[in-house]
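Subject: Handover of a structure model

Dear colleague,

Please find the structure below, followed by an account of what was found in it. I would be grateful if you kept the two side by side while reading.

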Amino acid sequence: MGIVLGIESSCDETAAALVTTGREIVAQRIASQDEEHAPYGGVVPEIAARAHAEKLAPMIEAVLADGSVELRDLDAIAATAGPGLIGGVMVGLVSAKALAMASEVPLIAVNHLEGHALSPRLADPELEFPYALLLVSGGHCQILRVEGVGKYTRLSTTIDDALGEAFDKTAKILGLGFPGGPAVEKLALEGNAKAVPLPRPLLGSDEPHFSFAGLKSAVLRAKERQSQSVRPEPVEGQGESPGKRASTSSARTVSGYSDADIAASFQQAALDCVLDRLRVSLDTMEPVPALVVAGGVAANKAIRAALEGFASERGLRFVAPPMALCTDNAAMIAWAGCERLGMNEFRADPLDIAARPRWPLDPDAEPVRGAGYKA
Ligand SMILES: Nc1ncnc2c1ncn2[C@@H]1O[C@H](COP(=O)(O)OP(=O)(O)OP(=O)(O)O)[C@@H](O)[C@H]1O
Ligand SMILES: [Mg+2]
């Protein structure tokens, strides 16, 4: 049995983990940078890279100590080599190269998206290739047919925003802070999903692609309409106080809906789009026995439940990784390394391999152009 050190630093989580080819997570640590980025309402690449540079080396040392493993005992060192914020990716990849060189352990440069795509197989030994994958994260929204390690056919992607990005922007509009996905999900539990009419972009289109920019703009307009209509009644004798606004987090306002209603309506609209796009993709895909969801948005319980129902209607097995494996983590990177190690023709990556800001899982997929461009 082999053991792999995984390193993740492509966005705002610094993480290291030890995983065996027998699917045991021997040790793992993760440090989020939420506090560093919170004042800016999003990830600042320069701050992220500096934080990775400070946190990563001691974290690797601690993970090796947690697992009582020496560098020379490792069968490989796997690090995210892209796609992601290039400064952070370089910190992780260069650290992995230095350790690999010093200990003469093979280096494996991992595509971060492949980490997400294979993460369900770490938790579920029965999940075999091929499977349909809904990859929904902060930077990506894709439907792929996963045929094997390194073998992906992309059927669908977003022409503008990723789903996680739409959650984060909705959270920002509602003043929920960063990161937004979990906060929107929580607030949505208190709201009525039918209260605010919102568009379902591309619903019913024959092309299986996603679009969330129009939905996000509609959320912004709904919030503006709500704020315009919550002028407090003037108190007799005191005149109107125009600067004052009623609290709108869960209380209904004269506009007829609360922030919780906006959150719930947004989540439902996004979900309707996801199920519709999945339907079109699965109808055109060579049949598979399982539907798998991965990426940060896979942590959303409402989305997981709806996907489970959808899969069972279509006679598909549904697999979602445990919550901790959905958002960025190093166990999934170490596991992608284990999967590579297990291949017949395993070859380590050279020490001069480059970090890549963009790295599509399916390089042959036609680029899709819309308001934005996502590989
Ligand atoms: N419970 C949740 N509901 C909805 N969205 C969520 C939830 N939890 C996390 N997210 C979203 O998931 C995203 C983070 O996921 P992840 O860490 O996989 O993305 P990323 O690494 O930034 O992007 P990528 O993997 O595409 O490079 C954020 O956009 C976050 O808002
Ligand atoms: Mg990610």
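Serine 68 is found in the loop between α2 (45-66) and β4; helices (H or I, at least four residues) and strands (E, at least two) are DSSP runs, numbered from the N terminus. Its phi is near 50°, a positive value in a residue other than glycine. Serine 68 counts as exposed because it has 10 C-beta neighbours inside 10 Å; the term requires 12 or fewer other C-beta atoms within 10 Å, buried requires 20 or more, and partly exposed is in between, with C-beta atoms placed from the backbone.

This is a predicted model, in which local features need pLDDT of at least 70 and side-chain atom pairs count only at pLDDT 80 or more, whereas totals for chains, interfaces and linings use all residues. Residues are numbered from 1 along each chain as its sequence is written, while chains are lettered from A and ligands numbered from 1 in the order in which they are written.

Leucine 202 also has a positive phi, about 65°, although it is not a glycine. It is placed in the loop between α6 and α7 (213-228). Leucine 202 is buried, with 21 other C-beta atoms within 10 Å.

One joins glycine 82 and proline 83, with omega about -10°; proline 83 lies in the loop between β4 and α3 (86-103). Another runs from phenylalanine 129 to proline 130, with omega near -5°, and proline 130 lies in the loop between α4 and β6 (131-136).

Helix α10 (residues 331-341) is mostly covered, with ten of its eleven residues buried. Among the buried residues are Trp335, Glu339 and Arg340.

Around ligand 1 there are 25 residues, the closest being Gly138, Gly139, Gly164, Gly181 and Gly296; a residue is near a molecule if its C-beta atom, placed from the backbone, lies within 6 Å of it. The largest share of this shell, four residues, comes from α5. Domain 1 (3-124 + 324-374) and domain 2 (131-233 + 245-320) both give residues to the shell, so ligand 1 lies between them; the domain bounds come from an automatic or database domain assignment.

The protein chain averages a pLDDT of 92, and 91% of the residues score at least 70; pLDDT is the predictor's confidence in each residue, from 0 to 100. Over residues 237-247 the pLDDT is below 50.

Yours sincerely

Definitions and conventions: Contact = placed C-beta atoms within 7 Å.
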